[in-house]
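Please open the structure in your viewer and keep the selection tool at hand. The tour moves from one selection to the next, and at each stop it says what is there.

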Amino acid sequence: MGGTRAVGLLALGSFAMGTDAYAMAGLLPDMGADLDVSVSLAGQSVTAFTLCYALAAPLLSAVLARRGTRAVLVAALVVFVLANTGTALAGSYAALLGTRALAGAGAGLFTPAAAAAAVALVPPERRGRALGLVLGGMSAGTVLGVPLGLLVAAASGWRAALWLITALGLVALLGVATALPPVRGAAAPSPRARIGALARPRVAVVVAVTFTQTVASLGLYTYLEPVLRRVADVDSAVPYLWVWGVGGVCGSLLAGTLVDRTGRPARLAVVLLGVLGGALALLPWTGAPPGLVLLPLLVWGAVGWAFVVPQQHRLLAQDGGAAAVGLNSSATYLGGAVGSALGGLALARGLDARLLPLLAAGVALAGVLFHLAVARRVTGPPLQDNAHGAGAADAPAAGAPERNAS
């Protein structure tokens, strides 16, 4: 199978992961009613997913570290399919929590392995596009998979939506198991390797900035509906979530092309984070005229998802890049969990939801300042990149000097 078609299979798997991760919020009321728990308790299933994505997946990776990339991808999809089957059949709250935790672990195992496989399957000059396609599959899950899942749930119940997600994962599993060519290199580094990567200042800076970005972006996304009610007096947030998702798909796909053409992923990441802060800061002031609020939502979705591409690209350029990418994926979901927790605490203490985007904007801009200040100390000029850009996703040979890490 050609590299492009193989990357398409990985994108399909990412699509299933994105649908699963983002559709659950819309299913919580029906799940809670069916299992006789409150919506807030049902919402802990999302927490179980995100925490296991960030924390349990590295342990599973260690078990499969010597099996190679394709084996890791197959194992991740098997776990994902079985977990969503279990969620669809769950008859108790405990079963719901357990299966959502397992689904998060499968998703966390799949994402960094898919990113590593994507860049290994295509020539160096196309690696940014391949990475953008795989990550774009996850963002496409928010704009296509989530509304589709909610429509299925409205017609046939929340369990039917889980069966749909299970079917998507099964198709991806069959494709990867039967058609994905062998990929050189291990995509499942051990926990020790991940900790070792975090101890390297250049990697730590990138991962810390990713954490900051997701605290702002994904944390605020959790409370987008109450924010929109206060900002624009909307009855339903669904159309606005679609616009956010459309921006995410476009941003993911275009970011790879920008990385390939400019060869400056660090500079691109800082610019995207700054634009994110500006879009979030403008959001509370776009309630009138009608429809104006769609503009910052579109920009937020685009730059929020695009940001992942240059960050992953930079980490893959490091020696031991797979371990660094795994850390980055964990930081993404930990940031989302922390942002959601902080946002919920702020609202519970009486903060006007209209002000929540301003706090998120402050976090995003703090990430920019952190990068500009700290990156200079650990790597030299903060925006230093490989001016030529070729082979930015290549990991240098063992013992070679690090580059492109700022």
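What follows is a walk through the whole chain, then its helix pairs, its aromatic pairs and a few places in its loops.

This is a predicted model, in which local features need pLDDT of at least 70 and side-chain atom pairs count only at pLDDT 80 or more, while totals for chains, interfaces and linings use all residues. Residues are numbered from 1 along each chain as its sequence is written, and side-chain values use heavy atoms, with hydrogens and water left out.

**The whole chain**

Begin with everything shown as a cartoon: the secondary structure comes to 16 helices and 0 strands, where helices (H or I, at least four residues) and strands (E, at least two) are DSSP runs numbered from the N terminus. Of the 406 residues of the protein, 55% count as buried; buried means under 20% relative accessible area, exposed over 50%, and partly exposed in between, with a 1.4 Å probe and protein chains only. Among contacts with a separation of 6 or more, 85% are between residues 24 or more positions apart, a contact being heavy atoms within 4.5 Å.

**Helix 6 and helix 7**

Two packed helices are described by the angle between their axes and the distance between the axes. Select residues 127-156 for helix 6 and residues 158-179 for helix 7, whose axes come within 6 Å and cross at roughly 140°; axes are lines fitted to C-alpha atoms, for helices over the stretch in contact, and angles run from 0 to 180 degrees between N-to-C directions. Helix 6 and helix 7 are therefore oblique to each other, given that angles under 35 degrees count as roughly parallel, over 145 as roughly antiparallel, 65 to 115 as roughly perpendicular and the rest as oblique. Helix 6 passes helix 7 in a right-handed crossing; a crossing is right-handed if the near helix is turned clockwise from the far one by less than a right angle, and left-handed if anticlockwise. To see where they meet, show Leu148, Gly149, Val152, Ala153 and Ser156 in helix 6 with Trp158, Ala160, Ala161 and Leu164 in helix 7.

**Helix 9 and helix 14**

Next select helix 14 (residues 308-316) together with helix 9, and look for axes that come within 10 Å and cross at roughly 160°. That angle makes helix 9 roughly antiparallel to helix 14, and the crossing is left-handed. Val203, Val206, Val207, Val209 and Thr210 in helix 9 meet Gln311, Arg314 and Leu315 in helix 14. Stay on arginine 314, which is buried with a relative accessible area of 2%; its C-alpha atom is separated by 9.6 Å from that of alanine 269, 45 residues apart along the chain.

**The aromatic pairs**

A search of the whole structure finds 5 aromatic pairs, where rings of Phe, Tyr and Trp (its six-membered ring) pair if their centres lie within 6.5 Å, and planes under 30 degrees apart count as stacked, over 60 as edge-to-face and the rest as tilted. Select tyrosine 53 and tyrosine 333: their ring centres are 3.5 Å apart and their planes are at 15°, so the pair is stacked. Tyrosine 53 lies in helix 2 (residues 39-55) and tyrosine 333 in helix 15 (residues 321-348), so the pair ties together parts that are 280 residues apart in sequence. Both tyrosine 53 and tyrosine 333 are buried.

Move on to tyrosine 221 and tryptophan 244, a tilted pair with 4.3 Å centre to centre and 35° between the planes. Tyrosine 221 lies in helix 9 (residues 201-221) and tryptophan 244 in helix 11 (residues 238-262), so this pair ties together parts that are 23 residues apart in sequence. The buried residues of helix 13 include Trp300 and Trp305.

**Places in the loops**

Most residues other than glycine have a negative phi, and most peptide bonds are trans. Select alanine 288 and proline 289, which are joined by a cis peptide bond with omega about 0°; proline 289 is in the loop between helix 12 (265-282) and helix 13. Then go to aspartate 36, where phi is near 60°, a positive value, in the loop between helix 1 (3-35) and helix 2. Is aspartate 36 buried or exposed? At 72% relative accessibility, aspartate 36 counts as exposed.
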